[in-house]
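Thanks for coming. I will take you through one structure, starting with a word on terms and then moving from the sheets to the ligand and the loops.

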Amino acid sequence: MKIAEHIQRLGTETAFAVSGEAAAFAAQGNHVYPFHLGDVNLSTPMTVQEGAIKAMREGKTGYCPNAGIPQLREVLAADISASHGVNYEMANVSIQPGGKPVIGKFLHAVLNPGDGVLYPNPGFPIYESQIEFQGGVALPYGYQETESGFVIDIAGIERQLTPSTRILILNDLQNPIGAEAGPDEFEKLAELVREHDLYVLVDEAYFDVRYSGKSRSFVSIPGMQERSVILYTFSKKFAMTGWRLGAAIGPEDVIAVITRQNVNLESCPNHFIQYGAIDGLTGDQSEVHQILATLQERRNVAVDALNSIEGITCARPETTFYLFPNVTGAMRNKGLTDYEGFRRAVLKATGVSFCTRLHFGRPLPGETQCYVRFAYSGIDAEQIEEGIGKMKAFLDS
Ligand code: PLP
């Protein structure tokens with residue numbers, strides 16, 4: 001078949017290709033340490049599982065309303081209102097088959113061809129893919145490394161603001177960097193949003209994945225709630241990546257348009273799992289706390305092990321399950337100058353599989369430091385220690 005021309009603009013998530021490469025390497029009899037994918041190898045809380053099974057047995061197996069079942073929309077609106085310090089009602093919530101569909105559906109709802117969309121780079125690759133696929137102009141903004149982590153390059157955003165810039169994609173608690181914006185960054189961004197009349201996609205996939213402190217939402221800044229749609233997902237907090245359940249939360253008019261896209265694309269989200277999600281949100285939270293405790297232990301093991309390697313420095317983020325170590329020195333020590341060469345050399349020599357900066361957008365002009373991403377959500381602490389130990393032996397030799 002002759003494929004339509006616009007499909008050339010549709011990108012992909014190359015982390016899945018790294019996953020395939022690691023699987024092929026394992027199939028040859030090698031041991032693989034999987035740090036490449038933000039999947040979670042912990043089981044979904046029993047409260048969620050039992051709620052979904054019960055609903056299935058009770059016959060909640062037909063179509064449900066296009067925006068999701070009203071009970072879940074209400075519970076989620078109340079949950080987000082409480083945690084974000086703002087007010088949302090059921091009409092502000094459209095349940096989705098995962099968080100990811102919110103990106104494309106939000107852009108479909110508000111983007112006109114030629115509109116500029118600011119998005120984080122390094123960042124979740126689907127932003128760039130969807131912006132370009134839908135005829136927008138992708139305007140990447142980067143992050144700067146500081147002593148304590150990473151900050152948004154606000155000057156880089158300001159430089160790209162023109163009258164045709166209409167949308168800002170913000171992923172605080174960031175994949176792949178693990179960065180978290182401080183109050184000053186949020187205030188400055190909100191000022192730009194107001195001044196330039198922007199709409200905002202607030203990707204909060206990791207809002208509840210944190211080990212200390214409290215997440216603060218961009219929508220809690222006065223004037224931002226009306227301009228923003230939140231990407232919510234059950235995937236990470238509840239270890240539910242394969243269940244495919246998330247939501248778009250925002251102003252009623254745009255949410256109605258997103259729900260109209262549900263009608264056209266999937267009719268409705270999976271019916272019975274929404275009952276499990278209600279139990280997950282309202283029931284006993286001890287299993288959720290256990291997931292976080294396990295992830296925190298893994299983070300500590302991984303950060304310490306990475307920092308023990310000559311030529312690698314790694315911050316210790318309080319959120320997400322990603323690390324974004326600077327590996328410039330280690331690459332230099334090995335005489336390797338390109339990312340793919342480094343990634344493949346480490347995989348081949350040690351079985352440690354990770355993504356690099358290249359999997360999170362086209363590098364920006366002037367980048368001099370090299371970074372890779374370690375996801376520790378799909379690998380146990382013991383394996384983390386063993387794998388990074390092997391990597392240390394290889395890189396230090
Ligand atoms: N947004 C970010 C930043 C992510 O990292 C992910 C998944 O890795 C998603 C959205 C989408 O997740 P899901 O579709 O599983 O909800």
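Predicted model: local features only at pLDDT ≥ 70, side-chain atom pairs only at ≥ 80, totals over all residues.

For background, most peptide bonds are trans, and most residues other than glycine have a negative phi.

D197 is a residue other than glycine with a positive phi, near 55 degrees, and D197 belongs to the loop between α7 and β8. For S267, again not a glycine, phi is positive and near 70 degrees.

Now the sheets. In which order do the 7 strands of the open sheet with mixed pairing come? The order is β2-β10-β9-β8-β7-β3-β4. At the edges stand β2 (93-96) and β4 (137-141); each has a single partner strand, so one side of each has no neighbour in the sheet. On average, neighbouring strands here are turned by 20 degrees against each other, with direction ignored.

Inside this sheet, β7 (residues 165-170) and β8 (residues 199-203) run parallel and are joined by 4 bridges. I169 is placed opposite L201 in β8. Helix α4, residues 100-110, lies across β2, β3, β7, β8, β9 and β10, and runs at about 175 degrees to β8.

There is also an open sheet of 3 strands, with antiparallel pairing and the order β11-β14-β13. Its edges are β11 (322-323) and β13 (355-356), and one side of each is without a neighbour because each has a single partner strand. Between β11 and β14 (residues 372-375), which run antiparallel, there are 2 bridges. Y322 faces A375 in β14 as its opposite residue.

Next, a hairpin: β5 and β6 form it, with 2 residues between them. The two strands, residues 143-146 and residues 149-152, are antiparallel and share 4 bridges. Q144 has V151 in β6 as its bridge partner.

Last, the ligand. How many residues surround the ligand? The number is 14, and the closest are G99, D203, Y206, T233 and S235. By class, this shell holds 4 nonpolar, 6 polar and 4 charged residues.

One is 2.9 Å from a polar backbone atom of K100. In the case of S235, an N or O atom of the side chain is 2.7 Å from a ligand oxygen. For R244, the distance between an N or O atom in the side chain and an oxygen atom of the ligand is 2.7 Å. Taken on its own, the ligand has 390 Å² of accessible area, and the protein covers 93% of that.

That is where I will stop.

Definitions and conventions
Residues numbered from 1 in each chain as written. Heavy atoms only, no water. Pairing = 2+ DSSP bridges. Axes fitted to C-alpha atoms, helices over the stretch in contact; angles between N-to-C directions. Contact = heavy atoms within 4.5 Å. Near = heavy atom within 4 Å. Polar contact = N/O pair within 3.5 Å; in protein donor to acceptor, adjacent residues only side chain to side chain. Areas by Shrake-Rupley, 256 points an atom, 1.4 Å probe, with all protein chains shown as cover. Nonpolar A, V, L, I, M, F, W, Y, C, P; charged D, E, K, R; others polar.
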